[in-house]
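Here is a friendly briefing to read alongside the model. Please open the structure in your viewer and follow the topics one by one.

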Amino acid sequence: MSKNFRVLASVAMAATLAATSACSSTRDAEESGSGDSGSNLVGIAMPTRSLERWNNDGAHLDGLLKTAGYTTSLQYADNKVDQQITQIENMINQNAKVLVVASIDGTALGPVLEKAANAKIKVIAYDRLINATPNVDYYATFDNYLVGKLQGEFIVDKLGLKDGKGPFNLEPFAGSSDDNNAKFFFNGAWDVLKPYVESGKLVIPSGKKIAGEEDWKTVSITGWKSETAQAEMDNRINSFYTGGKKVNVVLSPNDSLALGIAQSLESKGYKPGADYPLITGQDADLANVKNIQADKQAMTVWKDTRTLGDQVAKMVDSIVKGGTVETNDDKTYNNGNKVVPSYLLPPVVVVKDDIKTKLVDSGFYTADKLGL
């Protein structure tokens, strides 16, 4: 999609929402301090400002809804569950019409969302499924299993595993165990890679064993923190890669982990080149795209979160206007209480050769940010 088309599409969508939305004060709920039953307040609860993607997601959705005439309360919870719960409670007390929640802990929001249901407030889970409650109405995300599958298939193709090449030393990582998406990312990749582990073409020197469905948690990185991934990679290299043994490939579920893993490898003397380990990622964070340019990361799975925000804005508008909310998956995402009607968006693989055509030409990044 060209940059101009992208801009025109966003403008057109915002105009359409504005035309169909009952206008309210454009003043932020944070500034007004309270809402009323006649307002069109939308509460947006994001997990943290510490990851680039959540800043982008929050700002984009907030901007779309404001342009459409909605009042918004955009809150970030510093990855603190209690803080997020308090923020959601405040949005309920302000009589929000809709809550959009990217949860920190997908199992901790049941009681506060029961309050939302009692107040007849609809809830959209944003990118992370909210579990163990009947009081989540819709889920909008990318095809998270496909994200992992794309990472696994990339490893298979780049290493020539289908052609019988190997063995290669693999170190697997998974995302935060309190994030429901982490399971889907890992399982998508592992379903592709497991046969090669079992055949001996992929060897795990650190001895990490992933046999059962929940074993991915043994390689999870709490909070998706770069520094934790770096420390874990340091430990594996120090403990299991002696006597000239080298890391060949690292399954990293996202860019935050990939950044720490790359920093660990660099500190241990690994340099970009033919023998540099293949590292996967996800999110197309700026630092990681630059690492891809510098041959310090092989790929990232890009989820154009602008399209996620676009879709959620449409869902919000449909809820407020009493229309039919568009979903395209009513089977996959069971939160332990019910199957949540979902809208899934397609992810895209980005490698060095197509950074310009996919990330720059679409307007996701400007050429100057990437030195192009």
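**Loops and backbone geometry**

P167 sits in the loop between α6 and β6; helices (H or I, at least four residues) and strands (E, at least two) are DSSP runs, numbered from the N terminus. This is a predicted model, in which local features need pLDDT of at least 70 and side-chain atom pairs count only at pLDDT 80 or more, while totals for chains, interfaces and linings use all residues. Residues are numbered from 1 along each chain as its sequence is written, and side-chain values use heavy atoms, with hydrogens and water left out.

- The peptide bond that joins G166 and P167 is cis, with omega at about 5°.
- Most peptide bonds are trans, and most residues other than glycine have a negative phi.
- W224, in the loop between β7 and α8, has a positive phi near 55° and is not a glycine.
- W224 is buried, with a relative accessible area of 6%; buried means under 20% relative accessible area, exposed over 50%, and partly exposed in between (1.4 Å probe, protein chains only).
- D295 is also not a glycine, yet its phi is positive at about 65°.
- D295 lies in the loop between α10 and β10 and is partly exposed, with a relative accessible area of 40%.
- S103 belongs to the loop between β3 and α5 (110-118) and is buried, with a relative accessible area of 2%.
- Leaving aside neighbours within four places in sequence, S103 is in contact (heavy atoms within 4.5 Å) with Q84, L109, R128, L129 and I130.

- All six residues of strand β1 (residues 41-46) are buried.
- Both faces of β1 are covered, with L41, G43 and A45 buried on one side and V42, I44 and M46 buried on the other.
- Six bridges join β1 to β2 (residues 71-76), and the two strands run parallel; strands count as paired if DSSP finds at least two bridges between them.
- Together, β1, helix α3 (residues 52-67) and β2 make a right-handed β-α-β unit; right-handed means that, with the strands pointing away from the viewer, the path from the first strand over the helix to the second runs clockwise.

**The four-stranded sheet**

- An open sheet is formed by four strands in the order β7-β6-β8-β9, with parallel pairing.
- β7 (202-203) and β9 (278-279) are at the edges, each with a single partner strand, so one side of each has no neighbour in the sheet.
- Strand β8 (residues 249-251) is joined to β9 by two bridges, and they run parallel.
- V250 has I279 as its bridge partner in β9.

- α6 has 16 residues and reaches 23 Å from its first C-alpha to its last, close to the 22 Å expected at 1.5 Å a residue; the expected span is 1.5 Å times one less than the number of residues.
- Among the buried residues of α6 are V147, L150, F154, I155 and L159.
- G160 follows α6 and has a positive phi near 70°.
- Helix α9 (residues 255-267) has 13 residues that should span 18 Å at 1.5 Å a residue, and its end C-alpha atoms are 18 Å apart, which agrees.
- At the start of α9, a side-chain oxygen of N254 reaches to within 3.3 Å of the backbone nitrogen of S256.
- Buried residues of α9 include L257, A258, I261 and L265, and their cover includes α8 (226-240), β8, β9, α10 (286-293) and β10 (300-302).
- Just after α9, G269 has a positive phi of about 95°.

**Nonpolar cores**

- Which members of the largest nonpolar core touch the most other members? They are L202, I261 and L265, in a core of 45 residues; such a core is a set of buried Ala, Val, Leu, Ile, Met, Phe, Trp, Tyr and Cys residues joined through side-chain atoms within 4.5 Å.
- α6 (144-159), β6 (168-172), α7 (180-199), α8, β8, α9 and β9 each supply at least two residues of this core, and α7 gives the largest share, eight residues.
- Another core, of 29 residues, lies apart from this one, with A68, A140, A313 and V325 among its members.

Note on methods
Polar contact = N/O pair within 3.5 Å; in protein donor to acceptor, adjacent residues only side chain to side chain.
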